[in-house]
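The sequence and structure are shown below.

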Amino acid sequence: MRANVWSGRNTVQVENVPDPKILNDRDAIVKITSTAICGSDLHLYDGYIPTMHKGDILGHEFMGEVVETGRGVSNLSVGDRVVVPFPIACGNCWACQHELYSVCENSNPNWGMAEKAFGHGTAGIFGYSHLTGGYAGGQAEFARVPYADVGPIKIEDDLPDEQVLFLSDIFPTGYMGAEMCDIKGGEVIAVFGAGPVGQFAIASAVMLGAEQVIAIDQYDYRLQMAVNKAGATATINFQEDADIVEQLKEMTGGRGPDAVIDAVGMESWHGHGAIAVMDRVKQAARLESDRGLALRDAILACRPGGIVSVIGVYGGLMDKFPTGAFMNKGLTIRTGQCHVQKYLRPLYEHVKNGDIDPSFVITHRLPLGEASNGYETFKHKQDECVKVVLKP
Amino acid sequence: MSDKAAITINLPREEVQQRWTSSAPEIDGDVTFKDAPGDRGTEIHVALGSGGGPIDKLRGTVPLAKAKDQLRRFKQQVETGEIPRSEGTPEGESVGRKFKQRPAQPLEESELEKAGVR
């Protein structure tokens, strides 16, 4: 089959590789009909996530048709149309039974490797480095799906791929980011990053009853999408004024947002001054894996007693974490790779009911063979790119 | 120096002990079982005799590293019914694979048997 493989920093290419095979009884093979490039794939592309190997197949947002099932998979049949969640989860361990699927205790066969980096292993993830298992990804014609009796959701109506594909990651991820803000009504929520996950965090915060949602980004076209499609009530373009903390305070009568969502992660770009320069130099020299500008400002801007919700991906260590602000303001930080399996059904219902059409983020549709162009366009935000969908 | 390792299995103690006895993981040390607090299942604690030298450590042949693999594989097998395999680590958790990953792309037919798939 053909698959998009990582072959070094800033290099991906579509190559011929062997077809996937059933390796365990609970596996299924899916013929992929749609797949996407995630903002977090750019962290791999840019070379900031450790334990990538030449030849790794990328991609963790995909859907398709079941073409083969292992003996232990009785809930799926050949021909079923499924969306596959990006974390691989066994459904049996304590974490899975408490709906903490992205920290499944069994699905990462490189647990020992992850334990060294994070203190504990976390769930396996498709196409996302060897620290999360070394699983082949879904930017390909076919993929093997382990624990297929737990993860995939059957799509039993005729909704087009583009409306359900993002149940695999970015819609639930954005939703979890908003849910972690404990929205009860009347809140002001600030969202750092108006990329695809940020857009869904904004839309979800609105759905959950936030009164005001402030979108923060450096690209006007993304901020316009945040207002026109996701429902943001105000925006900050930090290219025009980099002092995000002061602007957020001013916009909230000095209080600061009740909760702040970091939908940026380890490669944030805003800010100048000594700390921003230090971050860039240290990350370039591989002395620090995570640039923390968005997270630092989220902590400084959040109102005392508020919540900082981190769904942007971090990979290692960052410097200058504002512990003083974090502690003295009595903040709560909530984090995590999304427990997608928990959100699949309720969010699928929202899509079916027409509460949201997640395809609004798509700006580019390319054949799989042009994956490399897709990565470049997405990385450099060319052609007002927000989301790239690939068709195998 | 005594090396210790521990893992928690999401099953009642009686069942864990029974499965341990019938599968007999190759661990050379003292093994004790203990109820974990609340609904957290059963703790398995292993105390080993010696730790191995630095070369062993690199090769992944130290008893502690091997014991940790065994504990993890036991947990995976009894909780999920299988040892999860990725394309990078097709044999499932093993300390030796940490240093020699396959690329994360499907195996050739010829590799399946070696990985223990068939």
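Among contacts in chain A between residues at least 6 apart in sequence, what percentage join residues at least 24 apart? The share is 72%. The model is predicted.

Chain A contains 13 helices and 18 strands. Its C-alpha atoms occupy a box of roughly 60 × 50 × 45 Å along the principal axes. The radius of gyration of chain A is 20 Å; because a compact globule with 392 residues would have a value near 21 Å, the two agree. Of the 392 residues in chain A, 58% are buried.

Two domains divide chain A: domain 1 (2-169 + 338-391) and domain 2 (171-335). Their centres, taken over C-alpha atoms, are separated by 25 Å. The contact between them draws on 25 residues from domain 1 of chain A and 23 residues from domain 2 of chain A. On the domain 1 side, helix 1 (39-45) and helix 12 (340-352) of chain A each supply at least two residues. Helix 12 of chain A gives the most to that side, with 4 residues.

Chain A also meets chain B: 37 residues of chain A are in contact with 31 residues of chain B. Strand 1 (2-8), strand 4 (56-57), helix 2 (94-97) and helix 3 (111-118) of chain A each contribute at least two residues to the chain A side. The largest share, 3 residues, comes from helix 3 of chain A.

Note on methods: Residues are numbered from 1 along each chain as its sequence is written. Chains are lettered from A and ligands numbered from 1 in the order in which they are written. This is a predicted model: local features need pLDDT of at least 70, side-chain atom pairs count only at pLDDT 80 or more; totals for chains, interfaces and linings use all residues. The radius of gyration is taken over C-alpha atoms; the globule rule is 2.2 Å times the number of residues to the power 0.38. A residue is buried if 20 or more other C-beta atoms lie within 10 Å of its own, exposed if 12 or fewer, and partly exposed in between; C-beta atoms are placed from the backbone. Two residues are in contact if their C-beta atoms, placed from the backbone, lie within 7 Å. Domain bounds come from an automatic or database domain assignment.
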